[in-house]
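Reader: I would like a close look at a single part of this model. Please take me through it step by step.

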Amino acid sequence: MLSDQAITIEHGVIVGVVSQREYKSVPGEVTIDLTHATVLPGLIDAHTHITLDDFSEHSALSTSFPREALTGAKNAKITLEAGFTTIRNLGANAFTDIALRDAIDAGDLPGPRIYASGPPLGITGGHCDNNILPFEYHDVAGGVADGVSAVQHKVREVIKYGADVVKFCATGGIMSKGDDPNAAQYTLEEMKALVADSHRLGRKVAAHAHGLQGIKWAVEAGVDSVEHGSYIDDEAIEMMKQHGTYLVPTLYTITWFLENLDQGDVPEYSKRKARIVAPVAQKNLAHAITSGIKIAMGSDVPVFPHGMNARELEAYVKAGMSPAEALRTATVNAADLLGQSEHLGSIGPGKWADMIAIDGDPLRDIDTLQSVKFVMKGGVIYRNDYGTH
């Protein structure tokens, strides 16, 4: 923690960080006084679904793709104003997250920097397929691919249409019908082909994985991150350490989901799976979080509402992390996972001018990050509750 610092920004990039005593003013400069606040790098959420408001069956059947994109525009503003200047979006229908990313980059609307996956890859009938409609509709999700050659084709297709990162479902999930969170979906050979093509084409890979076999196969295949990791054990933890694989625990979603199982439009099959998986996941992830593997923060919103993303950091501290360790998961660690350490995750010369300000000290109380008062992205102010210039 440094005090009395002067941060100089030009054309959206930080060009200098010096003590106030050393700083020399320049004619015509604009000064923002945040001496009464704590200034931090913009936060990064490495697992969102920005174009969705929930995972209900009704929404899946009734929401058009254009409406999903517009929902994303709403949630992008909420997310940015909550202090998350960068997100990694892992799953959206019909490349709506990529359209949203491009609109934000073009300056058409406010929102965080988005590293988007487009449709997640998955097997027929698995998590990441559409399993609600009966046979006669012949409905298949956009990322479904079975077999090595089909998986390779699908990787190339999502990259063709703009994916920054490739996301696939290595195991079943909780919010999907007819699959088992414990069961590995893709074979090891399919996973290896998927990762090899993604990496050769310059994209990192995120694997949705609850079950242990799926976690181990995904790590062996070379994924960059395991999402959720509910049934992780010591052997899988050691594998992840050896491979340098990140865990994105999405831990607060468990607490929220259990507390709100009987609210909203949660189907019975999801409730049954959640009651089985959640207690195991809470125990295993608390152990994993303090085991020394690399952790990047991911919220999995909208399991809980957009804008409340920082609740995930609270969950890490409750699981045994120090506030400083938790803060790193949403800054330097997440930037490293994205491959953007040169630009994101800290405040220093050459970094993009993505910064937030809060009252209080997050190294004493991580919950202060749930009340962001100032947000800057790329040198542009998007929120300033302090009103000081």
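Reader: Which residue stands opposite Ala-116 in β6?

Author: Asn-89 stands opposite Ala-116. This is a predicted model. The pairing strand is β5, residues 84-89. β5 and β6 run parallel, and four bridges join them. Between the two, the chain passes through helix α3, residues 96-105. This β-α-β crossover is right-handed.

Now take β6 itself, residues 113-116. Its side chains point two ways. Arg-113 and Tyr-115 point one way. Ile-114 and Ala-116 point the other way. All four of these residues are buried.

Follow the chain on from β6. The loop between β6 and α4 (148-160) holds Cys-128. Cys-128 forms a disulfide with Cys-169. Their sulfur atoms are 1.8 Å apart. Cys-169 lies in strand β7, residues 165-169, so the pair ties together parts that are 41 residues apart in sequence. Both cysteines are buried. A search of the whole structure finds one disulfide.

For contrast, consider a sheet with antiparallel pairing. This open sheet has four strands, in the order β3-β12-β13-β14. Its edge strands are β3 (38-41) and β14 (380-384), each pairing on one side only. Neighbouring strands are turned by 20° against each other on average, direction ignored. Four bridges join β13, residues 372-377, to β14. There, Lys-377 stands opposite Val-380. Helix α2, residues 65-81, packs on this sheet and touches β13 and β14. The direction of α2 makes about 110° with that of β13.

Terms used: Residues numbered from 1 in each chain as written. Predicted model: local features only at pLDDT ≥ 70, side-chain atom pairs only at ≥ 80, totals over all residues. Heavy atoms only, no water. Buried < 20%, exposed > 50% of the residue type's maximum accessible area, 1.4 Å probe, protein only. Pairing = 2+ DSSP bridges. Right-handed = clockwise from strand over helix to strand, strands pointing away. Disulfide = S-S within 2.5 Å. Axes fitted to C-alpha atoms, helices over the stretch in contact; angles between N-to-C directions. Contact = heavy atoms within 4.5 Å.
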